Amino acid sequence: MATSATAQYSPDQFAELRALSDDEVVTHSYVRDVPLPSGGMLALVTLDNGRDHTRPSTLGPAGLMELAEVLDAQKARAAAGEIRALAITGKPFILAAGADLSKVGDIPSYEAGLQMAQMGHYALGKLGELGVPSFCFINGLALGGGVEIALNCDYRTLDSSAAALALPEVFLGIIPGWGGAWLLPNLIGIENALKVVVENPLKNNRTLKPAEAFELGMADALIAPANFLEDSLRWADGVLAGTVKVKRPNEPGKLERAVKWDVAIGIARKTLEKRLGKVAKSPYAALELLAAAKNTTKAEGFAAEDKALADLVAGDQFRASIYAFNLVQKRAKKPAGAPDKALAKKVTKVGVLGAGLMASQFALLFLRRLQVPVVITDLDQARVDKGLDYIRGEIAELEKKGRIDSDEANRLNALLSGTTDKADFAECDWVIEAVFEELSIKQDVFAEVEQYISPEAVLATNTSSLSVEQIGAKLKNPERVVGFHFFNPVAVMPLIEVVNTPATDEATLATAMATAQALRKNAVITADTPGFVVNRILAKVLGEAMHAVEIGTPFETVVDAQRHFGLPMDPFVLLDLVGLKVGAHVLDTHHAAFPDRFFESKALHELAEANVLLEKDGKGHSKGIDKRAIAIVEKHRPADARPYTVEQLTARLEDGLADEIHRMLADGVVAAAEDIDLCMILGAGWPFQMGGVTPFLDRVGASERTFGDTFHHPPIRGVR
Amino acid sequence: MAERSEVVFVDGVRTPFGRAGEKGMYWGTRADDLIVKAMIGLLERNPSLPKERVDDVAIAATTQQGDQGLTLGRTAAILAGLPLSVPGYAIDRMCAGAMTSVTTTAGGIAFGAYDVAIAGGVEHMGRHPMGFGADPNPRFLAEKLVSGDALNMGLTAERLHDRFAALTKERADRFGMRSQQKVAAAYAAGKIQPDLVPVALRSESGYGLATTDDGLRPETTMEGLAGLKTPFRPHGRVTAGNASPLTDGATVSLLASAEAAKELGLTTKMRLVSFAYAGVAPEVMGIGPIPSTEKALKKAGLTIDDIGAFELNEAFAVQVLSLLDHFGIDDDDPRVNPWGGAIAVGHPLASSGVRLMIQLARQFEERPDVRYGLTAMCVGLGQGGSVIWENPHYTGKKA
C-alpha cells in the first residue's frame, strides 16, 4: 500500500477513448458535505445519471473522468483538512451497473480497449488514495464496475435490500478489470473470490443477495434499508472515531497465501476444464489474475488487469458475447415478427391433453404462472390420477422448500383437476397437447376436443417433429392451431419455439406469444418447417457425428473436430442426454425431409435398442464410449468407407451448419440470423463466446466458404 | 374492566424542520419517509421497548393525500419495521394533529386500553400546501357560518390585531425577533440537537444529510422586520417576520402507562395532568388556546400561576401575545418559550404539537424547581388545544 497504484496512469493518455463519449448517458458525481457527529465533514459523492431506476447508472469515459476530477478535488480538500472522510453512494436502488456495455461493444482498437481498462483504474483507484478514509455505501444494485467502486474504497456498508451484487465480467467474455480481480481475493480470500469472479458468472450469471455478499466479506456492515444512508453515515463516523472496530475474518493471511491459494486455483482450473473445455478465454484469464494476486502489489495487479482486459476486449469472443447478451436482454423481450399484443385472447382456463410426465410438467407450469384452472386428461382414470399425483407432489415440494406458502399451495391444488371426459374442457380457452408423437393421434385428439371448446379457443401442440399445419388439417377451425415447442426440462429451459403455420391467424399467434411471456419464457417465432430451429441444427451436428463414426472415424476424432466450438457437451453426451431413441427419431425425421443433407443412423437405432453408448462413473458422468457401443457402430461400417480426419470433419460441420442456416434464413424459418442464435443460446445452451452460432461461423470462414458472404455485416469479430 | 392508568411521556424526537417548497431541503423527500425516520429514531433510542408491545400508532397530517394519505399510522408502522401485529391510524385536527395524537392515545392509556402507544405527526407543506385540494362547503359563506377570512390564517392573525388594540405590530415584531434569537442561543447551548433525528436528503446535486433546522434567521433585527411586506393586507401588521414559515417536518413521541413504563424500563420525562380543546370563531382562530387553557387548568384544579414553563406554538406572534395578555404574562417572561419557537424553527402543521412537548420535557429535566408546564396551540377553523404536564424531576426546591 506504500506506493500508489494509480501513479502509472495520467489523464492525457485516454484521448482515443474519450472521443467515444459523444452520446454517453453520463453518470455524474455530485458532492455534498455532511457534518459528522464526532466532528468535521465527510464529502458524500452521489453517482446519478439523471434517469430513473429503469436505466441504471453506468460508467462510460465521460462519467469516469468526471469522477476522477471530483476525487482529485476532494483529495486536495482532504490535504487541506477540510474533510475527514469521503463516501460514495448511488441514486435510489442503484449503486452502478458497471461499464457502459453499449460502449464497450464499439471499442474500435486494441488501444482504446486498453485505455478503457486503464481509465477505470485511474478513476476508481483514486478512492483508495485520498489521504483520508473512503467508504462505499452500497445502496442498491452493484454489478461489475459498480462492485469495483466499492472494492476500491477502504470500507463498505451494504443495504440489506440491494437487488444484487455481482462481477459478471467472465459471463460476458472479459474479466473484472477495474481492480476487482486483484482487490477481491485480497479482501475476501481466494476461495470466495473464485466463487464471485468465476463460478457464479458461469452458473448462468448468478448474482449475490446482500446477505451472501456480506457473509463472503464483500461489505463490512449490512444495514437495513429504511435508514440506510443515515445509519451508514453513523457507522462511518464510528469507524473514524474508533468506536466501531471493523473485522474481516475472510481477509487472507500468510497461511492462506502460502498453502491454500495455489491449491484453490488448481482445483478451479481442473473443474473449469472438465465443465467447459478450454475454448472460452475469459475464465482462464480470470484464473491467471486471481492466481497472481497472491503476491503482487496493487499496482502490479492493476497493470495485469489492464493487459488481460485489453486482450479480451479486442478479441472475437467478447464481441460475440456482447452480441449474445444483447440478444438475450433485448431481442428476446421484443420477439421479431410478433403481432400486436392487443390481439392476444385472454387465457382463463387451460386444458392439457395427456397426463404423462411432459403433460404434467406443462400443467404445473401453467398453474404456477397463469394461476388459472388447469384440467388434465388421458385415456383412463389411472393415468389421470398418476398425473394429478405427480403435480400435487410437486406443489407440496415447492411448499416444503418455502418457494410458495400454504395459501398458494392450496390455491394451486384447488385450480387443478383431472378428467377422462373431454366435455370438461368446454370452458378452456387454451388447450395444449402432449400426447404420443404421431400425426394421426394428434389429429384425432384435437378433433375430439374441438367439439366441446369454443371456436376461438387456441389449440397448441408441443410437437417437435411433425407438421403443425397437418396436425390442424382436419379441424373445423385450423386457424387457432399453433406450435408451442418447449425444451426439457420444461421448468428450467427458457425457450419456446412458437410455430406459425400458414393457417394460424394473428390472434392465435399473439395469444401464444402472450402466453409464453406469462410463463416467463422467451418465445421465438418460427415457420412450420421440420425441426423448427434448435432440433434442425442439432440434427445436423448429431447426424454428422453418427455418420462419421459409422464410416469408421474414431469417436475421439469426432469429439476433437468440434472441440474448438466450445459447446457445453460433445455430441455423444448430448445424445445420451436427449435419449438415444429420441435422437434416432430426430435424425430420421430430418433425413426424411432433407435426404441429401441430413444423415439418418441405423447404428443409433441399434444403440437405442441395446441402450448403450457412454461408459459412466459412479456419479453418472461420462468416462468415454462404452466398448459395446463401439462394437455396434463398427457393424454398420460399409466396406469401402474411409474415415474422416479431424480437419475434414471440422470443415464438414462448420460448412454444413453455415449452409443449413443460410437455407433456413432463405426459407424464412425465422426472421433473421439473430433469432437462430437466440434459439441456440436459450434452447441448447450454446455459448455466448460463439454468439450462439452465426458469429462463430462468420469468424471461422464457413459462411464465406459456403455462400460467399457473412451472416452479419460487418461480421461480429474482434479488432485484432 | 380496564384499569385506569397514569399516562407518562416517555420520549420524543423529531426530524430537523425544513423550509417548504422547491428550494427546501425536503423537496425530494417523501412525507411518509420523514415520519418513518422519526419513528425509527424514537425506537432506537428506547431499545428496552419490545416493538410488539406498542398497542397503537397514531400519526397526524392535515392534508391526508398522496404520500401523507393511506392511513399514515398503519403505513408508517409497517415502514418503520414495527411487527405487523401493531395497529395504527391517522389523525387530523389541522395544526393540533400531533397534539391530538398524543391526547387521543393518552386517553386510551388512561382508560387501560393501551400500555404503550406511539403518537406523532408530519406535514410536508411543500408537497401539500395547506388547504390544497380542499372543497369547503358553500354553506359556510352563503349562510355566513364563518367569515371569508376564516380559511386564510394570515387574515385571522390580522383580525387579532384589529380586535386587540394593545397588540401592536412593534410588539409582534419584537416577539418574532426574540424567537429567532432564543432559538439561536438554544442551538449554541446544544439544547435542541439531542432530540433531532438526522434525515438523508436527495437533491439534484446528490444526497445530503439534514442535521439542523434550516430556516433559522438569528441575524433578524427590528429594522429589518419593519421593512418586510405585509402580504395579507396593504399596510397590515402580519409579516414573514412575525409569523411561522411554511415548513416540512415530522415529530413523534412514545407514551405509556406509568406501570408499563416501569415494567419495561422506560424513562418518564413528563406526566400527563390534563388536556382540553375548545372552539372559537374561525376568523380569530389565534385566540383558541385561551379557552382551551382555561378548561385544562380547571380540569387539573390549577391556576395559571401554577404553570412554571410554557411551550406555546408560535403560529403568529400576535396570537401568542393575545394569550399572554389574557393571562397577564409579560411578552418576555422567561417562562415562555425559552428556546424560541415556531416563528424561527417553523410550523409543519400537524407535527408541531409534539415538538412543544419534546422541548418542555427537556426543560423539565433542567428545572427541578418547576412542577407544571403547559403546551398549547391554536388550530385552524377556530380551535385551541392545551395540555398540562407535571415534571417528574420536580423537587420542590426553588431555583
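Biologist: How many residues does the contact take from chain A and how many from chain B?

Modeller: In this predicted model, the contact takes 14 residues from chain A and 15 residues from chain B; residues count as being in contact here because their C-beta atoms, placed from the backbone, lie within 7 Å.

Biologist: Which element gives the most to the side of chain A that touches chain B?

Modeller: Strand E1 (28–35), strand E2 (41–48) and helix H9 (228–241) of chain A are the elements that give two or more residues to that side, and E1(A) gives the most, with 5 residues. The residues of this side divide into 8 nonpolar, 3 polar and 3 charged.

Biologist: What makes strand E12 (416–419) and strand E17 (522–527) of chain A the edge strands?

Modeller: Each of the two pairs on one side only, in an open sheet of 8 strands with the order E12-E11-E10-E13-E14-E15-E16-E17 (chain A) and mixed pairing. Neighbouring strands of this sheet are turned by 25° against each other on average, direction ignored.

Biologist: How do you know that strand E10 and strand E13 of chain A pair?

Modeller: Pairing requires at least two bridges. Strand E10 (residues 350–353) and strand E13 (residues 430–433) of chain A have 4 bridges, in the parallel sense, and therefore count as paired under that cut-off. Within E13(A), A:Ile432 is the bridge partner of A:Val352.

Biologist: Which strands does helix H17 of chain A touch?

Modeller: Helix H17 (residues 439–450) of chain A packs on the sheet and touches E10, E13 and strand E14 (458–461) of chain A, its direction making about 155° with that of E13(A).

Technical notes
Residues numbered from 1 in each chain as written. Chains lettered and ligands numbered in written order. Predicted model: local features only at pLDDT ≥ 70, side-chain atom pairs only at ≥ 80, totals over all residues. Contact = placed C-beta atoms within 7 Å. Nonpolar A, V, L, I, M, F, W, Y, C, P; charged D, E, K, R; others polar. Axes fitted to C-alpha atoms, helices over the stretch in contact; angles between N-to-C directions.
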